Amino acid sequence: MNITEVKSAVESMLFIWGDPLDLKDIEDILQVERVKIDEAINSLILDYESEDRGIILKKFGDSYQLKTKDKNYQYISSLYKPNTHRSLSDAAMETLSIIAYKQPITKIEIEHIRGIKSSYIINALKDRGLIEVVGKMDKPGNPLLYGTTKDFLSYFGLKSLDELPKLPYDEDLRSLEKDHEGED
Amino acid sequence: MEYIVNLNKFQGPFDLLFHLIEENEIEIYDIPISEITEQYIIYLNRMSEYSLDVTSEFILMASTLIEIKSKMLLPSFSDNEEDDPRQDLVNRLIEYKLFRDVSEEFKDWEEEELKFLPKPKEEVEYDFKFNEQILFEEINVYDLLNSINSLLKRRKIEIGREAPKFNIRYDEYSVTKCIKIIKNILKDKSKVSLMDIFKIDFNKGFIIAIFLSILEMTRDNTIKIIQDNLFEEIYLISK
């Protein structure tokens, strides 16, 4: 396959799939070297960057997804009410941020930080595909460990988890709090 | 009414505590435990007044506060800051606040990203689970049309144009009638087995009516039911 063919195939696959598509899957299907795919994707990204295009190719972790451009959101929402516009509740957001930063994490640890039972919210986040079970803890009872998914990155528009702002965790909590006061 | 909405929003005991700390403009490292405990408990009482669900976590926090309060009343023999009974609670509060603050940022990202819309994937999902296309091989629209036509024809033959008819029959045996039957039998005999009664007529309606009659008669105390052992014959005795 030459680069033109790869580019065309990748675009078709991304369009039909809708969800973030793994680089690995593209590689397995096309049976071409990773560099060629990277080149094709970068070329597509450049094409879409053009002002006259309404689609954008976004990278989330190791996967890619086609989305409509934010500047056209108002026109799309007059066309139809996108049902994706169901934003998360405060409680869900709180729980999700704990999981994002402290993954892999057990339900008990989440509940310890929040000070309240969180099973319902954890299940709701799991149903929405924002978190998943990533393993079991090697401790009595083998509690489940939760982590974020690639849909999580897609949902918040993050290229990778490294984009999350650093939490000054190991520093003295007291100085941290002082810093926060200074900002306010 | 506004108050109810206000109370309902607390995500948990930490959320409520933060609300109190902010409301009173308190320095988090020097929480006046006695006052906060008092206010906290007032809130809990108000929550139950409005029949909001005061979960065990809220009550646990109340008891933690009271415990800290009582510890602080005891004379301290050390100047070491780490011995402050509030320290553990403060650390947890700060950790909680850290994530609460960062979740505000998550909300901003969410809002921004929701303006980029992906195409839903659902419509292609089925083909991957079942290989349905094989089932429909070499079938065209006319085949579908023919098959639905023949289906409709068949149904017309079966049902016909007239409305369906149902026969509604009166119950052959009523409970009143069956009570009479049982009473008649028990006039002659002192004891009769259930099976013997059923032998009169093995009709389903009869059996049901007899059962109901026996229950009715037992309730009225006109008969007594006995069975010597499990799964053995059941006998009726008149009283």
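Let's start in chain A with an open sheet of 3 strands, ordered E4-E6-E5 and paired in the antiparallel sense. Strands here are DSSP runs of E of at least two residues, while helices are runs of H or I of at least four, and both are numbered from the N terminus. Two strands count as paired if DSSP finds at least two bridges between them. The edge strands of chain A are E4 (105–106) and E5, each of which pairs on one side only. Between E5(A) and E6(A) there are 5 bridges, again antiparallel, and A:Gly135 sits opposite A:Leu145 of E6(A). Strands of a sheet pair through backbone hydrogen bonds, either parallel or antiparallel.

A word on what you are looking at: this is a predicted model, in which local features need pLDDT of at least 70 and side-chain atom pairs count only at pLDDT 80 or more, whereas totals for chains, interfaces and linings use all residues. Residues are numbered from 1 along each chain as its sequence is written, and chains are lettered from A and ligands numbered from 1 in the order in which they are written.

Now turn to helix H7 of chain A, residues 119–127, whose buried residues are A:Ile121, A:Ile122 and A:Leu125. Buried means that 20 or more other C-beta atoms lie within 10 Å of the residue's own; exposed means 12 or fewer, partly exposed is in between, and C-beta atoms are placed from the backbone. Looking down the axis of H7(A), the buried residues fall within an arc of 100 degrees, so they line one face of the helix. That arc is taken from the directions from the helix axis to the C-beta atoms. On the other side of H7(A), you will find A:Ser119, A:Tyr120, A:Asn123 and A:Asp127 exposed. The buried residues pack against H5, H6, E5 (131–136) and E6 (144–148) of chain A, where contact means C-beta atoms, placed from the backbone, within 7 Å. After H7(A) comes A:Gly129, with a positive phi near 75 degrees.

Next, the place where the chains meet. The contact takes 39 residues from chain A and 33 residues from chain B. On the side of chain A that touches chain B, H5(A) gives the most, with 7 residues.

Chain B itself has 11 helices and 3 strands. Of its 239 residues, 14% are buried. Among contacts in chain B between residues at least 6 apart in sequence, 58% join residues at least 24 apart.

Key
Two residues are in contact if their C-beta atoms, placed from the backbone, lie within 7 Å.
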